[in-house]
Amino acid sequence: MNTIKDKLVIFDTTLRDGEQSPGASMTKEEKVRIATMLERMKVDVIEAGFAIASQGDFEAVQAVAETVKDSTVCSLARAMGPDIIRAGESLKKANSGRIHTFIATSPIHMKYKLQMEPEDVLRQAVEAVKSARQFTDDVEFSLEDGSRSEPEFMYRIIEAVIKAGAGTINIPDTVGYGEPEEYGAMFKRVIENVPNSDKAIFSTHCHNDLGLAVANSLSAVMNGVRQVECTINGLGERAGNASLEEIVMAVRTRQDLYPVDTGIDTTHIVPTSRLVSSITGFPVQPNKAIVGANAFAHESGIHQDGILKHRETYEIMRAEDVGWGNNRLVLGKHSGRAAVKARYEELGVTFADPAEFSVLFQRFKDLADKKHEIFDEDLQSLISGAADPVEHYQLTDLEVRSKSGSNPRAQLQLTIDGEVCSCEAEGSGPVDATFKAIESVVGSNADLKLYSVNAVTQGTDSQGSVTVRLERDGRLVNGVGADTDILIASAKAYLDALNLLASKNSKAQGV
Ligand SMILES: CC(=O)SCCNC(=O)CCNC(=O)[C@H](O)C(C)(C)COP(=O)(O)OP(=O)(O)OC[C@H]1O[C@@H](n2cnc3c(N)ncnc32)[C@H](O)[C@@H]1OP(=O)(O)O
Ligand SMILES: CC(C)C(=O)C(=O)O
Ligand SMILES: [Mn+2]
């Protein structure tokens, strides 16, 4: 049976509410780049900024409005003349422009923040909507702190602003206080009690202070809401806004439950998430739904075995559908025989003798007890039966000192076969100093050549991963180290590379 579903309007506010997150300010060029991705993803409305906030934000909204053709571009405006004029001007060149005007309606906000009587708030809201309509037919009105507002007052103000020309009514959970059942029921009552509610689309806008932003948004959808305001990666004020990727994928994955469809091209989700993360410098936590590095990665043997037999045993979505290349089976301490064997097969190694594989698998577990992740090079060295390389080289000390008024110095000390090998180097920053130290250790091994050192930092110099590439006798190996402290990461990467070389050399010598 084919059920016709309602359209759920996806209103992205990464460039406005997302940007309000301390430290997430974006330039005009950065906003245009993100807006272009959002348009490609087929987001319906892009809230590009708050035009009156600054000259830069005015120009950013203007630039997005000039660039984006297929999505509606929106600017926020307080319920007051100058804000609305500025928003209207910023959207002049938009193919489709929306003014989003708002005023707080909760007793606490009206009394203490606005210091206004409810009747004056109502009057100002109506005037704001009327002025906004002079610039565009597409006007949205938000009742800030709606989830803490008096129902009867909300019914009156909503009826009045719809009459004044607002086509979208947003009732935000501004402070993330709502609870799914209660917040959803609020929309049901509003829609039932506002006489002209059928003339507007109702919208949800949730914050994540209690971790309920997505649940609250979805509950609103179940209760008649047909626009969701959300952000990429859940970026936003305080604990963030409802995450676009989670809302879109929930609706799509549970088509059996939700009476709506979005028009989003989900394959652009991961690239857009990465762009927002790199522009803002806000890393995405590995276990973040949909866009986290581990969202489609499995290390546990039982899960890997299930996935290898039938993907849907442990995956409710396809990695490819949200823009990951594929899912990943990561080998580590929790992996079992099925995944290890499957990876060996991908590397062209098969095992005719089960006893031979059992011995190898035991070695795999022993190594996995000492390492976070087992890479292909490790699997190769396990076959050669090389001695446990970790004991061959040991990092005994890594220290970075800053001398006042001069560049930092890094001291790196290793024991190689019991022999202590240390060096000290100065660099322009702590990472640079560490690399120079590594370089000088490598330089003392005549037959060892440092190929390249690559640091990928996240946010600051003190987080990220490092790849060290070493060559000996024409064999090139990578050592990868990841840590919250990039200095330790670089040392680990260096050690990793040395260990791999050691095992390769012993294999070559038939050890
Ligand atoms: C829930 C939300 O996300 S709301 C959006 C929040 N985002 C931002 O504030 C980012 C951009 N903001 C800004 O750049 C500045 O705050 C501006 C340009 C908007 C205003 O700056 P200022 O004029 O210096 O005012 P300031 O920010 O100190 O105070 C806000 C004023 O707006 C009033 N106000 C707040 N909301 C509204 C509203 N929706 N409608 C009308 N007036 C409002 C406040 O009562 C206060 O008025 P007062 O100065 O008479 O006491
Ligand atoms: C401006 C409004 C919609 C807002 O961001 C909120 O109430 O959280
Ligand atoms: Mn908000």
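Which residues have the most contacts inside the largest nonpolar core? Keep that in mind as you click around; what you have open is a predicted model.

Start by selecting Phe-141, Ile-157, Ile-158, Ile-169, Ile-171 and Val-190: these have the most contacts inside the largest nonpolar core, which counts 91 residues.

Now centre on Val-190. Leaving out neighbours within four places in sequence, Val-190 touches Met-154, Tyr-155, Ile-158, Ile-171 and Phe-202. Then jump to Leu-331, Ala-339, Tyr-344 and Ala-368, which are among the 15 residues of a second, separate core.

On to the metal. Pick ligand 3, the manganese ion: its protein donors are Asp-17 through OD, plus His-205 and His-207 through NE2, at 1.9 to 2.2 Å. Along the chain, those donors are spaced as D-x187-H-x1-H. Are His-205 and His-207 buried or exposed? Both are buried.

Ligand 2 is the next stop. Show what surrounds it, and you'll get Arg-16, Asp-17, His-100, Ser-142, Glu-144, Asn-170, Pro-172, Thr-174, His-205 and His-207.

- Thr-174, at 2.6 Å
- Arg-16, at 2.9 Å
- His-205, at 3.1 Å

Last, zoom out and select residues 8–270, where an unreviewed UniProt entry places the feature "domain: Pyruvate carboxyltransferase". That stretch is 44% helix and 18% strand, and its end C-alpha atoms sit 21 Å apart.

Methods:
Residues numbered from 1 in each chain as written. Chains lettered and ligands numbered in written order. Predicted model: local features only at pLDDT ≥ 70, side-chain atom pairs only at ≥ 80, totals over all residues. Heavy atoms only, no water. Core = buried A, V, L, I, M, F, W, Y, C linked by side-chain atoms within 4.5 Å. Buried < 20%, exposed > 50% of the residue type's maximum accessible area, 1.4 Å probe, protein only. Contact = heavy atoms within 4.5 Å. Donors = N, O, S within 2.8 Å, 3.2 Å for Na, K, Ca; no water. UniProt positions renumbered as here; feature names shortened; annotations may be inferred. Helix = DSSP H or I, 4+ residues; strand = E, 2+ residues; numbered from the N terminus. Near = heavy atom within 4 Å. Polar contact = N/O pair within 3.5 Å; in protein donor to acceptor, adjacent residues only side chain to side chain.
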